[in-house]
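Please read the following report alongside the sequence and the coordinates. It takes up one chain as a whole and then a single residue of another.

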Amino acid sequence: MASQIEKELREVLDGMQQLQTEKNSLIQTREKLQTQLSENKMVKQELDLVKEGDTVYKLMGPALIKQDSREAQTNVGKRLEYIEAEIKRYEKLMDDNEAKAAKAQEKVLALKSKLDKEREAQSKKQ
Amino acid sequence: MADKQQQGGEGQQQQEGIDIMRVPMQQLESVRQSLSQEVQTLTTAIKSLKHAQTKFSNSLESIKQVTPESAGKKSLVPLTESLYVYAELTDPSKILVDIGTGYYVEKSKEDAEAYFQRKVKFLTEQLQGVQVVASEKQREQAAVAEAYRIRMAQQQQQQQSGADSASSS
């Protein structure tokens with residue numbers, strides 16, 4: 001009986017470890033997105049300041065391609081929207097992860113106390 | 001209930017809400033570690049901000065060198081790190097500026113100068129903000145380190161006196 005609880009406990013602990021790794025990679029991606037967001041915001045600001053006579057180019061591979069400044073603005077705007085949506089998505093994933101981790105923690109505590117009781121009972125028998 | 005009130009009172013007295021002379025040593029140690037990590041991160045941030053600022057002000061200086069008289073002058077342009085070709089400056093009034101994420105804008109010289117000035121100013125503001133936080137954290141770090149040192153000394157003293165009384169009895 002006790003060994004079964006132990007087995008279960010080990011499984012939950014493994015799950016927690018996995019959640020932790022998942023959390024770390026989530027945080028990393030979230031940070032990357034944040035950097036992209038602020039970079040794109042700055043580009044948007046600059047594109048808003050572009051004057052009539054200025055020419056906008058986009059680097060595509062090794063070549064600079066002329067681009068309509070309004071088109072560039074909408075493109076960056078779209079990219080900003082996309083990044084913001086991604087950030088929201090990752091935030092939700094992080095919340096889910098945290099909730100799962102909390103649940104696992106509870107389970108560990110419950111299993112541990114169960115295991116203690118089991119052992120106590122066993123030692124009394126002996 | 002009375003206990004809670006006392007704790008609340010203590011929290012108000014101490015800015016951080018915890019008395020660093022009373023928290024468990026283990027906790028103090030972890031606070032010490034996380035503070036030193038934070039200070040390190042902030043120092044790296046300051047370094048890279050300064051680096052970026054230097055790059056922008058160098059660019060600003062470089063375009064100031066370009067004058068209407070520069071037109072037609074020959075210069076060596078790097079194609080790779082070790083390969084240069086002669087080139088002639090045809091239009092010194094236009095400058096191509098990299099504004100990030102693969103976008104380049106051909107601006108007038110004045111606008112390009114304004115761009116770099118704007119960037120330098122922005123970075124200066126960011127730097128000031130980070131520096132304020134960094135010095136705050138450094139102060140906290142020093143306070144925690146000092147408390148840690150005192151607590152360690154106290155602990156050692158206690159152990160010593162404990163050993164003394166044990167040997168004398």
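What share of the contacts in chain B with a separation of 6 or more is accounted for by residues 24 or more positions apart? In this predicted model, such residues account for 57% of those contacts in chain B.

The secondary structure of chain B comprises 3 helices and 4 strands, and these elements follow one another along the sequence in the pattern α-α-β-β-β-β-α. The overall values for chain B are collected below.

| Property of chain B | Value |
|---|---|
| Residues counted as buried | 25% of 169 residues |
| Accessible surface | about 12000 Å² |
| Part of that surface belonging to carbon and sulfur atoms | 52% |

One segment of chain B carries an annotation from a record: the unreviewed UniProt entry lists residues 25-52 of chain B under "coiled-coil region".

Turning to chain A, Asn97(A) belongs to helix α2, which covers residues 69-125 of that chain. Asn97(A) has a relative accessible area of 3% and therefore counts as buried, since the cut-off for that class is under 20% relative accessible area. When residues up to four places away in sequence are set aside, the residues that Asn97(A) touches are Leu19(A), Glu22(A), Lys23(A) and Leu26(A).

Notes: Residues numbered from 1 in each chain as written. Chains lettered and ligands numbered in written order. Predicted model: local features only at pLDDT ≥ 70, side-chain atom pairs only at ≥ 80, totals over all residues. Heavy atoms only, no water. Helix = DSSP H or I, 4+ residues; strand = E, 2+ residues; numbered from the N terminus. Buried < 20%, exposed > 50% of the residue type's maximum accessible area, 1.4 Å probe, protein only. Contact = heavy atoms within 4.5 Å. UniProt positions renumbered as here; feature names shortened; annotations may be inferred. Areas by Shrake-Rupley, 256 points an atom, 1.4 Å probe, with all protein chains shown as cover.
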